[in-house]
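Welcome, and please load the model in your viewer. We will begin with the whole chain and then select one place after another.

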Amino acid sequence: MKMNRTVHRATEILKLLAQSPEGMTLTEIGSELGLPKASTFDIVQTLRKTHFLREMNKRYAIGFMAYEVGGAYSKGKDLHAAAQPFLAKLADELNMAGSLVTYEKGTLNYVIEHRAIGSIVSPVASSGMDFVHASASGKSLIAFMPEDRQRKALSLLTFKRFTDRTILNALDFMEELESIRRQGYAVDDREFNDLMTCVSTPIFRQDHAVATLTLSGLQLDSLAVVGVAERMMDVSKIISEELGRDS
């Protein structure tokens, strides 16, 4: 049977970028695979518009649809399907921006982003590496990783300063992770954006954190944070139970 050239090129691009967590430019993709510039542009833009790829600073990397398709073999219920209705309902009730976030090779992947009407969101791309340490999502995911993955994740952190509240060294970050494990949730208290507070709670499958649920709002006080976190932990537990069924 004759192989469709465009489909074959698309799969080659996906395989290439699966090995490049920092992403590649159009020129780099075309050069690596020996593809014409016009063909590379057309295929990459199609994959981006269908969310198999995502763009960040003119570099392209694997998008959430590729993550979903690639994870379809997993036992138990699909992460996206299990989390989406709970995330949307909770974000709408609290009038906050909601996200479902995963971690892969030093990068945060925003699998779902739900913006409640009237909610305020931080101007950040739907993926990222340099702000992992300054995000509730990043801290939550790293805190509940197996030790070997956690050591690797820690080695990839850059501790870039975003605000006066940003954690800037490994020792303070490790202390933060210990606090997160004790209380069961992570907080970005204006560490990435001076105006934003984010709360994040882990979602587990078979005792391993596979994602984290995150809500963001304007400068929440400490009492509000605790209330939001308690609601989120209840929802994360339900999602984790959904994922664990039939697994």
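This is a predicted model: local features need pLDDT of at least 70, side-chain atom pairs count only at pLDDT 80 or more; totals for chains, interfaces and linings use all residues.

Residues are numbered from 1 along each chain as its sequence is written, and side-chain values use heavy atoms, with hydrogens and water left out.

**The whole chain**

Switch to a cartoon view. The chain has 9 helices and 8 strands; helices (H or I, at least four residues) and strands (E, at least two) are DSSP runs, numbered from the N terminus. Of the 247 residues, 45% are buried, where buried means under 20% relative accessible area, exposed over 50%, and partly exposed in between (1.4 Å probe, protein chains only). Contact means heavy atoms within 4.5 Å. Among contacts between residues at least 6 apart in sequence, 59% join residues at least 24 apart.

**A helix pair**

Now select residues 79-94 and 222-244, which are helices α5 and α9. Two packed helices are described by the angle between their axes and the distance between the axes. How do the axes of α5 and α9 cross? They come within 9 Å and cross at roughly 160°, which makes α5 roughly antiparallel to α9. Axes are lines fitted to C-alpha atoms, for helices over the stretch in contact, and angles run from 0 to 180 degrees between N-to-C directions; angles under 35 degrees count as roughly parallel, over 145 as roughly antiparallel, 65 to 115 as roughly perpendicular and the rest as oblique.

Show side chains next. On α5 the contact is made by L79, A82, A83, F86, L90, E93 and L94, and on α9 by V228, R231, M232, V235, I238, I239, E242 and L243. These residues divide into 12 nonpolar, no polar and 3 charged. (Ala, Val, Leu, Ile, Met, Phe, Trp, Tyr, Cys and Pro count as nonpolar, Asp, Glu, Lys and Arg as charged, and the others, Gly among them, as polar.)

Stay on α5 and pick K89. Is K89 buried or exposed? K89 is exposed, with a relative accessible area of 55%. Draw a C-alpha to C-alpha distance from K89 to A116: the two are 9.1 Å apart in space and 27 residues apart in sequence.

**Covered places**

Select residues 136-143, helix α6, where 8 of 8 residues are buried. Among them are K139 and S140. From S140, move to T201, one of whose contacts is S140. T201 sits in strand β7 (residues 196-205) and counts as buried because its relative accessibility is 0%. Leaving out residues up to four places away in sequence, T201 also touches G184, Y185, T212, L213, A229, M232, M233 and S236.

**Two loops**

Most residues other than glycine have a negative phi, and most peptide bonds are trans. Go to K58, in the loop between β1 (53-56) and β2 (59-62): its phi is positive, near 65°. K58 counts as exposed at 66% relative accessibility. Then select R190, in the loop between β6 (186-189) and β7, where phi is positive too, near 60°.

**Last stop**

Finish at T6 in helix α1 (residues 5-18), which is partly exposed at 47% relative accessibility. T6 and T40 are 34 residues apart in sequence, and their C-alpha atoms are 9.8 Å apart.
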